[in-house]
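The questions below ask how the labels used for a protein model are reached. Each answer sets a value against a cut-off and concludes.

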Amino acid sequence: MGRRSKARRRALEVLFEAEQRGAAPLEVLRLRREKGDLIVDDYVVTILDGVGTHQDRIDEILATYSRGWTLERMPRVDLMALRIGAWELLYATETPDGVAVSEAVALARELSTEESPSFVNGVLGRIQKLKPTLLD
């Protein structure tokens with residue numbers, strides 16, 4: 001697994017934990033670092049900061065393009081993978097669109113349900129196609 005793939009996985013874990021605790025993701029990361037010898041790639045912080053900064057817009061887009069699923073009904077791991085993928089698609093200009101989608105799908109495949117990879121791929125595929133109209 002490459003450096004950025006590991007960073008995406010760590011970011012998903014932190015986003016998931018933060019939601020469960022009702023805490024800010026960067027605060028969860030800080031606490032994790034204090035409790036152990038956790039070495040965190042800078043890209044983890046970039047993802048957490050980017051998703052946090054744009055979460056309202058990302059969630060609005062996800063709610064619009066996740067046909068038949070509200071954010072509340074989505075498996076939480078899927079939602080975190082979608083947030084990371086959508087952030088990379090829309091705001092991380094150095095990440096190719098195909099990489100953003102495939103990495104989010106890989107997270108869903110590894111960490112979620114059997115149906116999750118196709119769901120994540122479908123939602124992010126719609127967002128990718130509409131990307132020029134979604135950017136403010």
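**Labels and their values**

Q: Why does arginine 30 count as partly exposed?

A: Arginine 30 has 36% relative accessibility. Buried means under 20% relative accessible area and exposed over 50%, with partly exposed in between (1.4 Å probe, protein chains only), so arginine 30 is partly exposed. The model is predicted: local features need pLDDT of at least 70 and side-chain atom pairs pLDDT 80 or more, while totals for chains, interfaces and linings use all residues. Residues are numbered from 1 along each chain as its sequence is written, and side-chain values use heavy atoms, with hydrogens and water left out.

Q: What makes the contact of arginine 30 and glutamate 27 a salt bridge?

A: A salt bridge needs a side-chain nitrogen of Lys or Arg within 4 Å of a carboxyl oxygen of Asp or Glu. Here the N to O distance is 2.4 Å, so the pair qualifies. Both residues lie in helix α2, three residues apart, about one turn of the helix. Glutamate 27 is partly exposed, at 34%.

Q: How do you know that α2 is a helix, and which residues does α2 cover?

A: Helices are DSSP runs of H or I with at least four residues (strands are runs of E with at least two), numbered from the N terminus. α2 covers 25-35.

Q: Why is the pair of arginine 32 and glutamate 13 called a salt bridge?

A: The closest N and O atoms of arginine 32 and glutamate 13 are 3.9 Å apart, so the pair falls within the cut-off. Arginine 32 lies in helix α2 and glutamate 13 in helix α1, 19 residues apart, and the pair links distant parts of the chain. Arginine 32 is partly exposed at 24%, and glutamate 13 is partly exposed at 24%. Both belong to a network of salt bridges that also includes Arg9, Arg10, Glu17, Arg21 and Glu110.

Q: What does the salt bridge of glutamate 19 and arginine 83 tie together?

A: The closest N and O atoms of glutamate 19 and arginine 83 are 3.4 Å apart. Glutamate 19 is in helix α1 and arginine 83 in helix α4, so the pair ties together parts that are 64 residues apart in sequence. Glutamate 19 is partly exposed at 30%, whereas arginine 83 is buried at 7%. The whole structure has 17 salt bridges.

Q: Which rings form aromatic pairs, and what makes a pair tilted?

A: There are two aromatic pairs. One of them joins tyrosine 43 and tryptophan 87, with 6.3 Å centre to centre and 50° between the planes. Tyrosine 43 lies in helix α3 and tryptophan 87 in helix α4, so the pair ties together parts 44 residues apart in sequence. Rings of Phe, Tyr and Trp (its six-membered ring) pair if their centres lie within 6.5 Å; planes under 30 degrees apart are stacked, over 60 edge-to-face, and the rest tilted, so this pair is tilted. Tyrosine 43 is buried at 3%, and tryptophan 87 is buried at 6%.

Q: Why is the pair of tryptophan 69 and phenylalanine 119 tilted?

A: The ring centres of tryptophan 69 and phenylalanine 119 are 5.7 Å apart and the planes are at 55°, so the pair is tilted. Tryptophan 69 is in the loop between α3 and α4, and phenylalanine 119 is in helix α6, 50 residues away. Tryptophan 69 is partly exposed at 32%, whereas phenylalanine 119 is buried at 16%.

Q: How do you know that a charge sits over the ring of tyrosine 43?

A: NZ of Lys or CZ of Arg must be within 6 Å of the ring centre and within 35 degrees of the ring normal. The charged end of arginine 4 sits over the ring of tyrosine 43, 3.8 Å from its centre. Likewise, the charged end of arginine 73 sits over the ring of tryptophan 69, 4.3 Å from its centre.

Q: What makes a group of residues a nonpolar core, and how many residues has the largest?

A: A nonpolar core is a set of buried Ala, Val, Leu, Ile, Met, Phe, Trp, Tyr and Cys residues joined through side-chain atoms within 4.5 Å. The largest has 42 residues, and those with the most contacts inside it are Leu62, Leu82, Val120, Leu124 and Ile127. α1, α2, α3, α4, α5 and α6 each give two or more residues to this core. The largest share, 10 residues, comes from α4. Leaving aside neighbours within four places in sequence, leucine 124 is in contact (heavy atoms within 4.5 Å) with Leu82, Gly85, Ala86, Leu89, Val101 and Ala104.
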